Amino acid sequence: MAQGNSGRTGARAVIEALLDEGVELVFGYPGGAVLPLYHELARTPIRHILVRQEQNAVHAASGYARTSGRTGVCFATSGPGATNLVTGIATAYMDSVPVVIFTGQVPTRMVGSDAFQETDITGITIPITKHNYLVKDVEELPRIVKEAFYIASTGRPGPVLVDIPKDVALAPCRAPVPDRVELRGYKPTYQGHPGQLRALARSLGEAERPLIFAGGGVQVSRAEDYLRQIVEKLQIPVVTSLTGLGSFPEDNPLSLGMVGLHGKPCANHALMECDFLMGLGVRFDDRVTGALEKFAPRARIAHVDIDPAEIGKNVRVDLPLVGDISCILKELLPLVEPAGHGPWLKRIKELRNLYPLTYGRGGEVRPQWVIERLGEMTRGQAIITTDVGQHQMWAALFYGFTEPRTFISSCGLGTMGYGLPAAVGAVLARPDKQVWLITGDGSFQMSMAELGTAREQGLPLKILLFNNHSLAMVRQLQHFYYERQYTAIEFTGNPDFVRLAECYGAEGLRISKQEEVVPVLARAMGNDRLTLIECLISPEEIVYPMVPEGAALDEMILPE
Amino acid sequence: MKRTLSVLVENRPGVLSRVAGLFSRRGYNIDSLAVGRTENPAISRMTIVVDGDEQIIEQVGKQLNKLIDVIKISDITNDPYVGRELILIKVNADPSVRGEIMQIVDIFRARIVDIARNSLIIEATGDADKIDAIENSLRPFGIREVVRTGKIAMLRGAKTRGMEASGNGTGE
Ligand SMILES: Cc1ncc(C[n+]2csc(CCOP(=O)(O)OP(=O)(O)O)c2C)c(N)n1
Ligand SMILES: [Mg+2]
């Protein structure tokens, strides 16, 4: 910091821009090409979190961003460092998470020569970034960093990558960090079209069986409060997507929970019976809609989203409305009259009774039950990160989320290995909250090296690992679609996870009987240490409900 | 249904691969793409001819708009515009048929730009129909090679499809 302007390099300018953005944490992994950035980073109060693999740096930055609402930042080196980022970036892109990634690159004169540790990371990441830059002129660097943060965090958020050749990072840089961003090709629309807003208000007034479908966009836009006000004023039940969990409290009587392939029975039925569906910040992903031609057959559909390209992409939309959900709901509130929707709510109650959420058959310790207990004991207020598999769906169905930005999971890409690094980011973002990772033995083994990061940083995160010695979600697919021929899904070489935890200085606990569940969870909640609970469950569990391929949402397979 | 899109983009390295990649990645059928800088050297214009139904064309426009380097997109298919393509045709031309070929060249107001012992290079500009027609007329002589630029287009009259339409400043 004491350096005069004369010694200011490109790398120094990047770090200045980070300070300017208020960055407090960087997740990363060093290597030759990115050392100029590291050298300058070390001279600032910005904390660096050294992960164990670059993919996890992006996941951790994503967990940090999603729980804090701020932009996550990553550093990685060229070549293998950069390619290791790819799954992390794609994961963040699919869930619209604001992350800015800086990669070192080989010196400019060697770019394109297949130099040692050179990869064309900007070329590789075009389809999975909101935007990316290969910086060729050091004087552009301050502007580019400013733009990168602006693009990542505004409109529909997403990852932005800045690739900096080593010579550019070391070159003298005079350009200041600009105050403002001027991008003629990028002007997100925040305010809703007044005419469309009035049309939406009218449609809501006319609907007899309205339903709100809330997605990740609600939390991105911090629109939870407006959503609750609309719901209460109009008495409209709410279903959510996987990313939408937490946008509306599940303990509210108007909450029906998650909808879709493994949605709650009542939520799926309500979607098939509603006459007006208002999608807020959703993508109408194929895991939500089931067979498209049978989706919400009785409903007019309104779709509110900040990304115009999402509107009309998958489902026919009768009432499109482009804009920021908060802006739109705020303006909508005074335009709608209070309503009761008595008969519809009565029908919803009936659906709840007709189609309760049940577990089906299973082993001695039921994972669904364990997660319900965890939900009760943490009063639905912990931050839950998950991996991908059956345990992810059980977390979504049985935890009972009550607060926004507390369900952190790879929803769009379904990336196994996301959970542990995302939990690391979450604990760093929200030290005031208890953070639980709900994972499976398969997923955990994809990124369990991050236990070392958690230990190093002294993070008291809690891990609930459902060990079924298998990739049970894949087993479930083979069960239903491949004649129960179970192939490549069994793990016979799993480690002793309790001892593994102990190797990392963590507390290791095990649940193998139902009566152990509550005391073990309580112990983990009370010990203020990094803790791993291995919970032994049956590989034969099935996630119910399940909508078979090609079926409508109300044609779910339910447990007998 | 073929649509002609006129797209203003930042004149930056990588912008072409962003646009072309988007088309292939999302499975859109691109008929032709021509690109070059505009009166403002910082801005290029792409003329893209794309094939697809209404829903696809709408998505193409929206997805293109998401690219930060794309400044403005206009679907000019139904506007009055001048559309031109340039073609170079290398055709077999023994001395015995040269006269006949020259007549065809005249009719289409094309030009002969290179002569070799047994072949000619013919240059023609025009809309896609005219270009197709000249190519068809020369086919009986034996076409050795064809190079086409893809369509470029400009609105007729005083109207421009510049940046003023997007409401964020003019292109100077
Ligand atoms: C990186 C990656 N590879 C493969 C898959 C496909 N996949 C989806 S769920 C699953 C099984 C996950 O196993 P585990 O983490 O043990 O969870 P379980 O289903 O057993 O609860 C697999 C392999 C994936 N989602 N991500
Ligand atoms: Mg498993």
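## A helix tucked inside

All nine of the nine residues in helix α12 (residues 265-273) of chain A are buried, so this helix is largely enclosed by the rest of the structure. "Buried" here means under 20% relative accessible area, "exposed" means over 50%, and "partly exposed" is in between (1.4 Å probe, protein chains only). Helices (H or I, at least four residues) and strands (E, at least two) are DSSP runs, numbered from the N terminus.

Among the buried residues of α12(A) are Pro265(A), Cys266(A), His269(A) and Glu273(A). What covers them? The cover includes β7 (210-214), β8 (238-240), β9 (255-258), β10 (276-280) and α15 (342-354) of chain A.

## How to read the model

This is a predicted model: local features need pLDDT of at least 70, side-chain atom pairs count only at pLDDT 80 or more, and totals for chains, interfaces and linings use all residues. Residues are numbered from 1 along each chain as its sequence is written, chains are lettered from A and ligands numbered from 1 in the order in which they are written, and side-chain values use heavy atoms, with hydrogens and water left out.

## A covered strand and its neighbours

Now hop over to strand β15 (residues 435-440) of chain A, where six of the six residues are buried. In a regular strand, side chains alternate between the two faces of the sheet. On one side of β15(A) sit Val435(A), Leu437(A) and Thr439(A), on the other Trp436(A), Ile438(A) and Gly440(A), and both faces are covered.

Which strands pair with it? Two strands count as a pair if DSSP finds at least two bridges between them. Strand β13 (residues 383-386) of chain A runs parallel to β15(A), joined by four bridges, and Ile383(A) stands opposite Val435(A). Strand β16 (residues 462-467) of chain A is also parallel to β15(A), with five bridges, and here Leu437(A) has Ile463(A) as its bridge partner.

## What the record says

For chain A, an unreviewed UniProt entry places "domain: Thiamine pyrophosphate enzyme TPP-binding" at residues 387-535. That stretch of chain A is 40% helix and 16% strand, with its end C-alpha atoms 15 Å apart.

For chain B, the UniProt annotation "domain: ACT" (unreviewed entry) covers residues 4-78. Residues 4-78 of chain B are 32% helix and 41% strand, and the end C-alpha atoms are 9 Å apart. UniProt positions follow the numbering used here, feature names are shortened, and annotations may be inferred rather than shown by experiment.

Technical notes:
Contact = heavy atoms within 4.5 Å.
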